[in-house]
Structures are given as C-alpha cells and as structure tokens.
Amino acid sequence: MRSSRTVRSAALGLGIAAALATAAPVHAATPAHQAAHHQVTAARYVGSAQEKADTKAFYDAVMKSARARMAAHPNLTTVTVVYDPSGAPTFQSQISQAAQIWNSAVSNVKLSAGSNADFSYREGNDSRGSYASTDGHGSGYVFLDYAQNQEYNSTRVVAHETGHVLGLPDDYSGPCSELMSGGGPGPSCQNTQPDANERATVDQLWANGLAGAHMAPAS
C-alpha cells in the first residue's frame, strides 16, 4: 500500500509497508520466486504488472495445494484453504478475525486453521512492512510487521494480506471501503471488510479453481 519498491528473491510485498521498523525479519526465507516490497511515502502507489503477477503466483500455489487435498475428496463443493497461525502468536486474534471476515464474505473457498497447512503466518520486524511470500510450489507465508500493525488497523492489515492469498491484487487508489486499497487511504481507515466487487471476484476465482480441480488431478 505504499509508493516505492525494492525487489528481492521471492518475497511478495503486498501492502501497507511501514518504514518505521529497521530490524531484519525474525523469520528469514529465500524461496525461489519473484519479490516486491513497498516503502511508505506520502503519495499513493498505483501498483504494477509485476505485483499482479506475484499475487497470482501466490494464489496459484495455494490453489495447487488445495487441489491436492480435494483429489482425496472429489465431492467437495467448497475449497478449504488451511492456514497455520502458530508462527504469529501476537496476531492470533487478528488472524482469526480475518478468517471469519473472509468466510462470511465468500462461498466458494473457506479458511480453516490446522496442520498440513497451505500457507502460514509469521511475525517480526521488517522495514518493508507486511508481505506474502511463496516458492510457487504450494508453500507460502504471510509476514506481519510489528510497526505496520501498530500504525494501521491490524485486522485490516491481516485481512488485506489474506486477500492476496485468495487472489486479489492491490488497488492503492481505491477508497477506504475497498479492503485491497490497503494503506492508500491512510492510517485513519478502519474498514476491515471486502466490498461487493472483491467478494464476487474471490468467489469467481475459486469457482474456476474448483472446476479445474474436478477436471484434472493436481500435477
């Protein structure tokens, strides 16, 4: 949700990066895919084709993992995406709230905490802010930065990052009512809910993924 970007191997920077934190991440990871991170400036960041590609890479990785689970349960009508919150104990409440928000908002995919997860949450200090990272093979995590979650509504931060996992790109120029506008509207924005268009987009993405899973086994 900010304006300048630094590219690094495999971490996908997806929003509200607070430039207040200076320490390295608590959990270092160097998977082998694209990367992008945002820094804070006064101007709104308008996004890029690379960001959209990175968001799709994370969504595709989670979908691939979910399809593997669905292969054993061919009668499923809703995709269940399993997440592991244990790596972010400070944000247990916000992660649970974010899952409830999305589970109430959409029908074709549900988030559930559990083992053998499709993705996980982690926490720490990172000057780049919160982001999501994937190796492109069904393994990924959302990193939650302490400073950013103090500056912005923490539940909004987590719900926004989780929206990327579900396939939504950033739209920093959007209004506060749009969850994926992230930090664009500024720290005063308290909205934690996806709007009607965001809900419909996620349902469409996962309806397509569900159809694909029934047509062919995961590779």
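Let's start with salt bridges, where a side-chain nitrogen of Lys or Arg sits within 4 Å of a carboxyl oxygen of Asp or Glu: by this rule the count comes to 2. Please keep in mind that this is a predicted model, where local features need pLDDT of at least 70 and side-chain atom pairs count only at pLDDT 80 or more, while totals for chains, interfaces and linings use all residues. Residues are numbered from 1 along each chain as its sequence is written, and side-chain values use heavy atoms, with hydrogens and water left out.

Helices here are DSSP runs of H or I with at least four residues, strands are runs of E with at least two, and both are numbered from the N terminus. Asp-60 counts as partly exposed because its relative accessibility is 33%, and Lys-56 is partly exposed too, at 48%. For those words, buried means under 20% relative accessible area, exposed over 50%, and partly exposed in between, using a 1.4 Å probe and protein chains only.

The other pair is Arg-128 and Asp-126, at 2.3 Å from N to O. Here, Arg-128 is buried, and so is Asp-126.

Now let's visit the loop between strand S5 (109-113) and strand S6 (119-124), where we find Asn-116. Asp-118 lies in this loop as well.

What is the phi of Asn-116? It is near 50°, a positive value in a residue other than glycine. As background, most residues other than glycine have a negative phi.

And what does the side chain of Asp-118 meet? A polar contact of 2.4 Å joins it to the side chain of Ser-65. A polar contact is a pair of N or O atoms within 3.5 Å; within protein, one must be able to donate a hydrogen and the other to accept it, and residues adjacent in sequence count only if both atoms are side-chain atoms. A polar atom of the Asp-118 side chain also lies 2.7 Å from the backbone nitrogen of Val-82.
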